[in-house]
Amino acid sequence: MLRRLVAITIAGCALLPALGGAPAVAAPARSVALPSSGCANDLPQPAKPSAPSAPDIRIPIPYLKLQPVPRYGPLQNNKRIPSAQPLKDFCKDPCPDITDPPPPPNAVGTGSANIPIPKLSFVPRPFLTIPVPVPGGTPPPFQARPPRATPGSTPGTVTPKMGNPRVGASNYVAQVTGKGSTGRTDKRFQLNGTDLGIMWQSKPGQVAIAFGDSFGKGFRPPGANGGDWRSNVLGFSDDTKLSDGLKIRTMVQDSRCHAAELLASRKINNAEQTVIPTSGFALGNRQYMSYMSINSFTLPGQWITNYGGLAYSDDGGSTWVKDQYARWDNIFGGNANFQVSAMVPQGDWVYMFGTPNGRLGSTALARVPKTQILNKTAYQYWVRGSWIPTRNGDQATPIFGGPNGELSVRYDEKSKLWQATYLDVLRSAIVLRQSRSPQGLWSEPSNLVSSFKYPQLYGGFMHPWSTDKDLYITTTTYTSYNVDLMHIRTN
């Protein structure tokens with residue numbers, strides 16, 4: 001599990017860093033190892049004596065589940081409250097009545113209590129869910145179909161292949177989410193376990209950070225589990241000093257100390273299990289987010305999508321609209337391109353880098369004028385050296401081969417350099433490629449972070465304020481199922 005613990009001892013007190021500058025607070029009189037939050041009350045607490053409890057033995061009973069699936073999926077809950085700012089005393093819990101566990105029952109001090117009798121229960125669990133389409137549901141608000149565009153075909157050129165990026169040692173910086181994180185997301189937003197951490201500059205001086213499947217109470221690592229499941233949540237940061245961690249200042253909230261789900265999902269296996277962000281960018285006052293509708297998870301690290309789509313927000317990322325026409329369907333759970341996309345604006349275009357579902361495919365490329373992002377017919381795809389319109393992008397030529405998992409792409413304006421990071425399961429590492437143009441030629445990959453050092457590693461999303469020489473990326477390990485910040489010197 002990724003953890004950075006910082007030992008701080010100053011005359012028996014610890015100085016605790018905070019968002020907005022928290023005051024020093026008392027700490028144990030001896031040297032202590034503080035978590036990324038810098039808060040002593042985020043340290044593991046000693047177990048308190050309690051009355052013995054009866055073991056709870058649950059025996060699963062497998063069964064075949066027929067799940068009705070209405071024609072229309074759930075409408076998004078757009079209830080919002082103002083995003084809470086960090087407290088002046090950052091280490092003070094803002095919602096102890098919500099986030100703190102109840103106290104244990106009083107201990108029995110005689111030592112002569114009866115031995116508790118185990119509780120035996122049978123728990124029905126489906127071994128297979130079969131979705132059954134049925135009428136019903138509420139239709140989404142009407143959206144006008146954009147006029148058909150005729151972009152035509154345009155010959156293209158490639159730039160010379162660059163050498164492999166030169167990569168220094170990868171350094172763990174701090175924990176971004178979960179218990180003990182720099183932003184204390186468990187205490188402030190009931191974000192106890194989550195993954196990904198996809199970043200883009202949402203406005204000058206602010207970075208948006210999108211997370212995948214997120215859990216609150218009941219979360220216990222390893223893996224995605226627990227209660228209060230939200231398919232996606234969004235935070236914001238104005239932290240410019242990344243060398244000591246990425247601090248989440250606010251999140252989109254729907255209630256007190258609770259991060260809101262942005263894009264609704266059915267949460268039905270083999271229909272639509274979840275909806276996960278894949279990239280984001282801002283143009284003017286509008287935010288865009290690419291996402292994938294996941295039908296089901298199959299083998300470890302693999303999944304089947306229904307489609308890859310686009311959503312947009314005109315209120316700073318608070319509420320989002322799934323566009324009904326800007327989507328790339330994965331017919332019959334096949335291997336369609338652009339299911340997992342990373343979109344980057346540059347010049348007059350927005351470039352869309354995409355892979356099939358899962359982590360084994362290659363990366364293809366498309367582009368669209370900035371003025372027609374939601375008009376799928378305006379897209380051109382890179383096909384054997386030319387920009388060509390195609391129906392669903394399946395004819396697009398790979399710009400570099402797989403296996404590519406959870407792609408992240410950025411353009412560095414100062415160095416005029418394109419960078420792409422992703423998980424390469426054959427190398428067991430998050431890797432980096434570089435190019436002078438989006439269509440390439442792209443360099444061969446260089447390893448950034450190894451899963452031999454951080455088991456069950458994935459992600460690798462670049463911070464938009466990185467440079468061509470200082471790369472900050474968010475990573476996830478399935479063992480901790482939380483997001484961490486890494487720093488790597490490059491080139």
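**Entry 1: V383.** I looked up V383 in this predicted model and found it in strand β20, which spans residues 380-383. I recorded a relative accessibility of 4% for V383, so the residue counts as buried. Beyond four places in sequence, V383 touches I388, Q395, A396 and T397. I also checked V383 against T182: the two are 201 residues apart along the chain, and their C-alpha atoms are separated by 44 Å.

**Entry 2: the annotated domain.** I noted that an unreviewed UniProt entry lists residues 181-487 as "domain: DUF4185". Over that range I found 2% helix and 47% strand, with the end C-alpha atoms 17 Å apart.

**Entry 3: nonpolar cores.** I found that the largest nonpolar core has 40 residues. The residues with the most contacts inside that core are L234, L263, W320, V449 and I473. I then listed the contacts of I473, leaving aside neighbours within four places: I430, V449, G460, F461, M462, D484, L485, M486 and I488. A second, separate core has 21 residues, including A149, Y288, I373 and Y379. I note as background that nonpolar side chains tend to be buried together in soluble globular proteins.

**Entry 4: R80.** I located R80 in the loop between β3 (56-70) and α1 (96-99). Not counting residues up to four places away, R80 touches V252, Q253, D254, A260, E261, L262, S318 and T319.

**Entry 5: salt bridges.** I examined several of them individually.

- R58 pairs with D56, the closest N and O atoms being 3.2 Å apart. R58 is exposed at 55% relative accessible area, whereas D56 is partly exposed at 43%.
- R249 pairs with D238 at 3.1 Å, N to O. Both residues lie in the loop between β9 (233-237) and β10 (250-251), so the pair ties together parts that are 11 residues apart in sequence. R249 is partly exposed at 23%, and D238 is partly exposed at 36%.
- R327 pairs with D329, with closest N and O atoms 3.2 Å apart. R327 is partly exposed at 28%, and D329 is partly exposed at 28%.
- Salt bridges with shared partners join D42, D93, D100, R184 and K187 into one network.

Note on methods. Residues numbered from 1 in each chain as written. Predicted model: local features only at pLDDT ≥ 70, side-chain atom pairs only at ≥ 80, totals over all residues. Heavy atoms only, no water. Helix = DSSP H or I, 4+ residues; strand = E, 2+ residues; numbered from the N terminus. Contact = heavy atoms within 4.5 Å. Core = buried A, V, L, I, M, F, W, Y, C linked by side-chain atoms within 4.5 Å. Buried < 20%, exposed > 50% of the residue type's maximum accessible area, 1.4 Å probe, protein only. UniProt positions renumbered as here; feature names shortened; annotations may be inferred. Salt bridge = Lys/Arg side-chain N within 4 Å of Asp/Glu carboxyl O.
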